[in-house]
Amino acid sequence: MELVSRMLSGDRNALARLISLAEEERPEVPDILESLKDHLGRGYLIGITGVPGGGKSTLVDRLTRIMRGKGHSVGIIAVDPSSPFSGGALLGDRLRMQQHCMDSEVFIRSMATRGAHGGLPGTVRSVAKLMDASGKDYIIIETAGVGQTELDIMKIADTILVVLTPEGGDSIQSLKAGLLEIADIFVVNKADRPGSEQMVQNLLSLVHSPTRYPWWQTPVLPVQAANDVGVEELWCQIEKHRAAKEEMGFLVSSRTDHRVQEFRERVQDELFSRICRHLDRSGRFAKYLKKVQAHETGPSKAAADLLNDNAFWDEWYREEREGRGG
Ligand SMILES: Nc1nc2c(ncn2[C@@H]2O[C@H](COP(=O)(O)OP(=O)(O)O)[C@@H](O)[C@H]2O)c(=O)[nH]1
Ligand SMILES: [Mg+2]
């Protein structure tokens, strides 16, 4: 494909076009990604999650500056909730990122959350792969810490930063259970605000017992992203985590887990949407539906009957085969 070879030779417009195809979930995307298989896995994926307004985007901007200073190229994926109110936030992010927008070694893409279960859209994986294949050394994925997205990042990223602030509302008690487990590094941002020292201490007592991996002790770093304080130390810890993970052979195994998980999810999602489509057309489904409507059979009994009805599955099988011209 011409777009692919243009992207591989460094054409930013080609990368942007391919990303759009991935976002639109066009049917040719699996083949495009397959053709890029040999170019995947070189980029390192950093996930940043945490409370909205906690300073994630500011941090991404500062980290990007450090990475660029070291000569690394950077891809940034900002996942924002698709609420109409997020327009302002996106614009804010863009303005802050303007300096990097001029930089040909930085590629920024904002995406809306669209995941059916409030999680990260499946397309984030494809977009990250395209950035990786295009040669970005680091790919940063910023996810708004709402719903399921912050846990989904675990299935994609190599190093995960969880950003908290000492401000009211996100005290340790309200730390969502999952966040503690997924953090490779805790950032207590807005350390210029009161209560940050206490928060660091509280988090430290949580992460010290018991450690998730024998080879990694989750650090808790006070940072002032807006004032560029503590960001160098954060970068050092990211590099340290990466080195430890690689050395332990854990990078390879966690990426294998990610691939397996993605495969499973893609099959599940596709099966789910196909069966939903089938229900709308199925004569068997309609038959049991009528019984439920007429109060003749209860919903749970009708569901059990439908799923035990071989004719229902035969019908689906036929439809699937015909759908593929088989
Ligand atoms: N006081 C203080 N404010 C900060 C700091 N870092 C970021 N902010 C501010 O927090 C607000 C939200 O930042 P943003 O990066 O958009 O947060 P996000 O929603 O997590 O991406 C902005 O007004 C930032 O300027 C910090 O270290 N201290
Ligand atoms: Mg943000």
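Modeller: Let's begin with a polar contact: a pair of N or O atoms within 3.5 Å; within protein, one must be able to donate a hydrogen and the other to accept it, and residues adjacent in sequence count only if both atoms are side-chain atoms. This is a predicted model, where local features need pLDDT of at least 70, side-chain atom pairs count only at pLDDT 80 or more, and totals for chains, interfaces and linings use all residues, while side-chain values use heavy atoms, without hydrogens or water. Residues are numbered from 1 along each chain as written, chains are lettered from A and ligands numbered from 1 in written order.

Ligand 1 is surrounded by 17 residues (a heavy atom within 4 Å of it), and the closest are Gly53, Lys56, Ser57, Thr58 and Asp192. An oxygen of the ligand sits 2.8 Å from a polar backbone atom of lysine 56, and an oxygen is 2.6 Å from a side-chain N or O atom of threonine 58. At aspartate 192, a side-chain N or O atom lies 2.8 Å from a ligand nitrogen. The protein covers 74% of the 590 Å² of accessible area (Shrake-Rupley method, 1.4 Å probe) that ligand 1 has on its own.

Now meet the magnesium ion, ligand 2. Its protein donors (N, O and S atoms within 2.8 Å of the metal, or 3.2 Å for Na, K and Ca; water is not among the atoms, so sites may look incomplete) are Ser57 (OG) and Glu142 (OE), 2.1 to 2.2 Å away. Serine 57 belongs to H4 (residues 56–69) and glutamate 142 to strand S4 (residues 138–143), so the pair links parts of the chain 85 residues apart. Serine 57 is buried (under 20% relative accessible area; exposed is over 50%, partly exposed in between; 1.4 Å probe, protein chains only), at 10%, and glutamate 142 is buried at 9%.

Notes:
Helices (H or I, at least four residues) and strands (E, at least two) are DSSP runs, numbered from the N terminus.
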